[in-house]
Amino acid sequence: MRRIFAVIAVAAIVLGGAFARPSLFEQAPPAGGSSAGGNSKVVNFWADVIRPVHVGDSSVYNLLGNVVFFHNGAIITCDSAIRYNDRRMECFGNVIINQDQTYVYGDRADYDGETNMARVYAPIIKMIDGDAIMYTYNFSFNTLDNIGTFSGGATVRQGENQLESMKGYYYADSRDFVCVDEVEVKNPDYMLMSASVSYNL
């Protein structure tokens, strides 16, 4: 109960303009729990407007405007969200997941702080890491292990190299793509076809 009142109080201060809202990608002290403990299951958050919505016998929170979630060093931004509890939320509109130099773009995402898993949804999902861009249809990202999983087909472009596969994994810490199933690597000088390929950015 104290946490709920603290969140509402913080939202009221923000709306009142008592202090400037920090940059979306600056990990300032957020509302909704302590930022201490790198492996905390609680997902901290920030929004311009926070309001309760009653669903049956329980309540969820509707977050509107410049919504930001902070967890495991990752930052998730979106236009609006439903916060079901301190570990689970659903994000809508202009979703961006940022972990270090990895950025994932989608229209909607589900995030579970218990499993550290974000599932991203869009007709075409885009992931950027430095000078490499991946487009895929299905993508999930573990913010604790920094491992992405893609399926349904994907294309990775870096410079003159283009990598295509049906599914695979992206290890953000080592910047490795492990692609399996109908893999093709294309370059102006060669083309490689294989059942699996490991590609380091």
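In this predicted model, E90 counts as buried, its relative accessibility being 16%, a value that falls under the 20% limit below which a residue is called buried. Despite this cover, E90 forms a salt bridge with R108, and the closest N and O atoms of the two residues are 2.8 Å apart. Because E90 lies in strand β5 and R108 in strand β6, the pair ties together parts of the chain that are 18 residues apart in sequence. R108 itself is partly exposed, with a relative accessible area of 27%, and R108 also forms a salt bridge with D110, where the closest N and O atoms are 3.4 Å apart. D110, at 24% relative accessibility, likewise counts as partly exposed. Through salt bridges that share partners, E90, R108 and D110 are joined into one network.

The structure holds 5 salt bridges, and another of them is formed where the side chains of R87 and E114 meet, with a distance of 2.2 Å from N to O. Since R87 lies in the loop between β4 (74-83) and β5 (88-99), while E114 lies in the loop between β6 (102-112) and β7, this pair ties together parts that are 27 residues apart in sequence. Both partners are partly exposed, R87 with a relative accessible area of 35% and E114 with one of 37%. In general, side chains of opposite charge can pair when their charged atoms come close.

Taken as a whole, the secondary structure of the protein comes to 1 helix and 14 strands. Of the 201 residues, 42% count as buried, and the protein exposes about 10,200 Å², of which 53% is supplied by carbon and sulfur atoms. Among the contacts with a separation of 6 or more, 33% are accounted for by residues 24 or more positions apart.

The pairing of strands can be followed in β2 (residues 49-55) and β3, which run antiparallel and are joined by 7 bridges. The hairpin made by β2 and β3 has 2 residues between the strands, and within this hairpin G56 takes a positive phi near 65°. One of the paired positions is I50, whose bridge partner in β3 is L63. When neighbours within four places in sequence are left aside, L63 is in contact with F45, A47, V49, I50, F69, D79, S80, A81 and R83. The largest nonpolar core contains 40 residues, and L63 belongs to the group that touches the most other members, together with F69, I97, M134, F139, L163 and F177.

N62 also has its place in strand β3, which spans residues 58-71. With a relative accessible area of 13%, N62 is buried, and, again apart from neighbours within four places in sequence, N62 is in contact with V49, I50, R51, V53, A81 and I82. As a general rule, the side chains in a regular strand alternate between the two faces of the sheet.

I124 is found in the loop between β7 (117-121) and β8 (125-129), and its relative accessible area of 42% makes I124 partly exposed.

Methods
Residues numbered from 1 in each chain as written. Predicted model: local features only at pLDDT ≥ 70, side-chain atom pairs only at ≥ 80, totals over all residues. Heavy atoms only, no water. Helix = DSSP H or I, 4+ residues; strand = E, 2+ residues; numbered from the N terminus. Buried < 20%, exposed > 50% of the residue type's maximum accessible area, 1.4 Å probe, protein only. Contact = heavy atoms within 4.5 Å. Core = buried A, V, L, I, M, F, W, Y, C linked by side-chain atoms within 4.5 Å. Pairing = 2+ DSSP bridges. Areas by Shrake-Rupley, 256 points an atom, 1.4 Å probe, with all protein chains shown as cover. Salt bridge = Lys/Arg side-chain N within 4 Å of Asp/Glu carboxyl O.
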